[in-house]
Each structure stands twice: as structure tokens, then as C-alpha cells.
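Good morning, and thank you for making the time.

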Amino acid sequence: MSVNPELQGRVFPPVAPYLVGREKVREFSRAVFATSPINLDPEAARAAGYADVVAPPTFAVVVQEATLAQLLAVPDAGIDFTRVVHGDQRFMFSRPIVAGDELTATLHVAGVKSLGGHSMVTAVSTIVDAAGAHVVTATSTLVVRGDE
């Protein structure tokens, strides 16, 4: 089964809010070797003008993951997760993610195209804070390998 081209343009409902925890930011920072004091030390972050520790930019994928799970769960999508390769990831920030943020993400399937026997699905997750203000847009391109 190939990826359903009718996915393009589909908008999914917002996922449950994600409360960004200080320890999650610290764990993620250590995992990606982010060594800036603002990523690990609340006092350093406050001295730099932030309310709490600042997440590394790629932390946005933690929030985006729930939206991608929605896409992968669509029965008629034609996406076999065992055949998915992550092709590209991009972020567009309005501001950094900080511990204490309550973030909600909404997924829009921006594109579905075939390339040879493979499909490329571009998924755009718009992430906003509790006040509804834009924080980051995370764009993923998933490559779904065709039959071999």
C-alpha cells in the first residue's frame, strides 16, 4: 500500500498540552550534549533573562512527537512505520522553549509526493503556549520506503 495522497492538506486536532519540566530539559540537554549553563542551571537561565532553564532547539521534537503519532495512526494513511525513515527536520522559533511552558501542538500535512517507489510526507506541527502565542513550528519530512 502506498501513502494516501489525500492526506495532503489534512489538519489534525490539537494534542493534549505538554508541560515542559525542568528535569526533562536537563535530561534532553545532556542527551544532545548541550552544555550551556542556561540549559542546565535555573540561576544561569534567570541571569540571562529567562524564567527557567532553556530547552535546546531540538527539544521541540518531544512536543511534535504526539502530532506525528496522530498521523501514523490514521488507518487510511498507508504509512507503514517499519518503512519510515526521517528525511528532514526544521524549526522556526518565535522564542525559545523554557521549563514551565505549557505547549500545545497542531499538525498539518503540508505535502505528500511520490519519488520513485517511495513517498515523502511533509508534516508541519505548529506549537503554541498556554496563551495561544506561537513558540515554534517544527517541520518533519518522513520518507516512506516503497516495496522492495
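I will speak about the sheet, then the aromatic pairs, then the salt bridges.

Please keep in mind that this is a predicted model, in which local features need pLDDT of at least 70 and side-chain atom pairs count only at pLDDT 80 or more, while totals for chains, interfaces and linings use all residues. Residues are numbered from 1 along each chain as its sequence is written, and side-chain values use heavy atoms, with hydrogens and water left out.

Let me begin with the sheet, where helices (H or I, at least four residues) and strands (E, at least two) are DSSP runs numbered from the N terminus, and two strands pair if DSSP finds at least two bridges between them. Five strands form an open sheet in the order β1-β3-β4-β5-β2, with antiparallel pairing. Its edge strands, each pairing on one side only, are β1 (18-19) and β2 (84-93). Between β1 and β3 (residues 102-115) the antiparallel pairing runs over two bridges, and Y18 stands opposite L103 in β3.

The structure holds three aromatic pairs. For F91 and F93 the ring centres are 6.1 Å apart and the planes stand at 40°, so this pair is tilted. With buried meaning under 20% relative accessible area, exposed over 50% and partly exposed in between (1.4 Å probe, protein chains only), F91 is partly exposed at 26%, and F93 is partly exposed at 32%.

R26 meets E23 at 2.5 Å, N to O, and both lie in helix α1 (residues 22-31), three residues apart, about one turn of the helix. R46 meets E43 at 2.9 Å, with both in helix α3 (residues 42-47), again three residues apart; E43 is exposed at 51%, whereas R46 is partly exposed at 38%. R90 and D88 form a salt bridge at 2.7 Å, and shared partners join the salt bridges of R95, D101 and D129 into one network.

How values were computed:
Rings of Phe, Tyr and Trp (its six-membered ring) pair if their centres lie within 6.5 Å; planes under 30 degrees apart count as stacked, over 60 as edge-to-face and the rest as tilted. A salt bridge is a side-chain nitrogen of Lys or Arg within 4 Å of a carboxyl oxygen of Asp or Glu.
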